[in-house]
Amino acid sequence: MQKLAAGSWAFILLTASSLAAPQSDPVTINRIADAAFNHGEVVDIAAHLADQIGGRMTNSPAMRKAERWTQDQFKSWGLKDVRTEGFDFGRGWWIESAEVRMTAPRPLELHGIPIAWTPATNGVLSAAIIVAPMSTDKDFADWKGKLSGKIVLVTWPAPPKDDADAPFERLSDADIAKLDKYLEPAFDPEMRQKRIDRYRFRAKLDGFLAEEGAVAWIQMSRTEGRLVHGEGSGYRVGKTPRLSALELGAEDYRRLTRLAKVGEVRLDIDSRVHYEDADHNAYNILADIPGTDPQAGYVMAGAHLDSWVAGDGAADNGAGAAVVMEAARILASVGAKPRRSIRFALWSGEEQGLLGSAAYVEKHLARRPPPTDPAMADLPVYFSPDSYPVQTLPGFSELAAYFNIDNGSGKVRGIYTEGNFAVVPMFREWLAPFASLGAASVVAQPTDSTDHVFMSRLGLPAFQFIQDPLDYETRVHHTDLDTFDHLRPEDLRQAAVVLAGVLLNAAITEKPLPRKPVPSQPGLTDPFHYPDPAKK
Ligand SMILES: [Zn+2]
């Protein structure tokens, strides 16, 4: 671990600009640490989001509540220009209650959850099941004419998996060292097409089943231990699924498929779910600590406020939202007057494809030509090919750095540099004081699937922190276990200190953070590749 400038860090004055009034007690890491460790509120913030408000599906009543509450909090801490930025999303949806019971061959309560944006059953729906695994539209022919009046079990009942990973994990130094390996970017249009086909399949399946007269469908959870997720994608106006659908715990699902081999199996499903159509816009929440130098631009921290519906959205991403809010509260409470403005962003629509941060990019940072294939137009931007040329907006040069938190509730262990080689020495210097908090690692492995992605892909200095995994990937991510008990208060406080410290450094440094070039059309990674016909 390098210790560059560790000693000098604590003496960095916040008021680096000569325009600012000198402070008698400069804002340093020590004041940040005191505000977080001795007077912290991050645990209360996280508990409010998880326990009082609960799961925050984009545009659901709970998400609306969270949008109002978080703005009230920012205002109460003295943040400036607290505001929403809306973007076109689609329908809200929420679960009042849901029950699924086997009635034959014996009575049994099953563990399931309605799939997001599927319609209610309008009372108890009673029907026999049929096991009809389908994963591409080529499978439809096998089941034509056989599904009328049935509840269709559409997942192939893969056998139970052995637990390969420790259920709860902290990263060792050796684990972190392994992350410091640069992976060359790969440009492979075939891979992208496969993901698009998978995404589109669900809507095709719903249409096929409805045409065949099926009454509902059920999928199997991908996680053992009767955990369920209920993720769905029919949020766009006019794209609402036609049939009620549930996800069942894997053990319950497999039991049904075994019983169906030897006799009739009947279920009662009562799915009471509701749509919200008063406002189809989703809203990002933004709040600022103004900088002293209007020419110096701004730095930004962000986390998504929306979640899935099975749990309380505690680790994904109430924890990240709480840490971002706590960093805002701390920096405001210690009277930070940085050279650059510091912006705090709580994104919406992340779980549907990073929609909130994508909308921010589109509005403030840069635009890309729309996809040339009209069939791509209805897909979340996440799936669209990166199109060129990139047209940067005036705001592009103002964003000096972006820091994202969205890897569960584990403490910060360092930062991923996202292919920005030039930033490495700077981060090593900034993180050195946090070595005793276990947060000083700077690693090269890129990360994906969260709100820094579109900014980083534009060449902007946009980063995600390394976090201890805890039980995030094994049990909590998107499941009904995503509750407050899976957060660790000491980890949340630590993360808030590191985030506030890094933000402050980025906001006062005279040297701008290095950028990557604005991207242009890449060449094929493997120009001599032929697709394997057997895999088509
Ligand atoms: Zn997340």
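Colleague: How many helices and strands are there in the protein chain?

Modeller: Helices (H or I, at least four residues) and strands (E, at least two) are DSSP runs, numbered from the N terminus. This is a predicted model, in which local features need pLDDT of at least 70, side-chain atom pairs count only at pLDDT 80 or more, and totals for chains, interfaces and linings use all residues. Residues are numbered from 1 along each chain as its sequence is written. The protein chain has 14 helices and 18 strands.

Colleague: What is the radius of gyration of the protein chain?

Modeller: The radius is taken over C-alpha atoms, and the globule rule is 2.2 Å times the number of residues to the power 0.38. For 536 residues that rule gives 24 Å, and the chain comes close to it, so it is as compact as a globular protein of that length. The radius of gyration is 24 Å.

Colleague: Which elements give two or more residues to the side of domain 1 that touches domain 2?

Modeller: The domain assignment, automatic or from a database, gives domain 1 (6–89 + 283–508) and domain 2 (93–168 + 201–276). Across the boundary, 19 residues of domain 1 are in contact (C-beta atoms, placed from the backbone, within 7 Å) with 18 residues of domain 2. The elements asked for are helix H4 (61–76) and helix H13 (472–476).

Colleague: Which residues does Leu 499 touch, not counting residues up to four places away in sequence?

Modeller: Leu 499 is among the core residues that touch the most other members. Its partners are Ala 301, Val 323, Val 324, Ala 327, Phe 403 and Ile 405.

Colleague: Is Glu 326 buried or exposed?

Modeller: Glu 326 is found in helix H9 (residues 314–333), and it touches Ala 36, Gly 40, Glu 41, Val 42, Ile 45 and Ala 496, leaving aside residues up to four places away in sequence. A residue is buried if 20 or more other C-beta atoms lie within 10 Å of its own, exposed if 12 or fewer, and partly exposed in between, with C-beta atoms placed from the backbone. Glu 326 has 28 other C-beta atoms within 10 Å, so Glu 326 is buried.

Terms used. A nonpolar core is a set of buried Ala, Val, Leu, Ile, Met, Phe, Trp, Tyr and Cys residues joined through C-beta atoms within 7 Å. Two residues are in contact if their C-beta atoms, placed from the backbone, lie within 7 Å.
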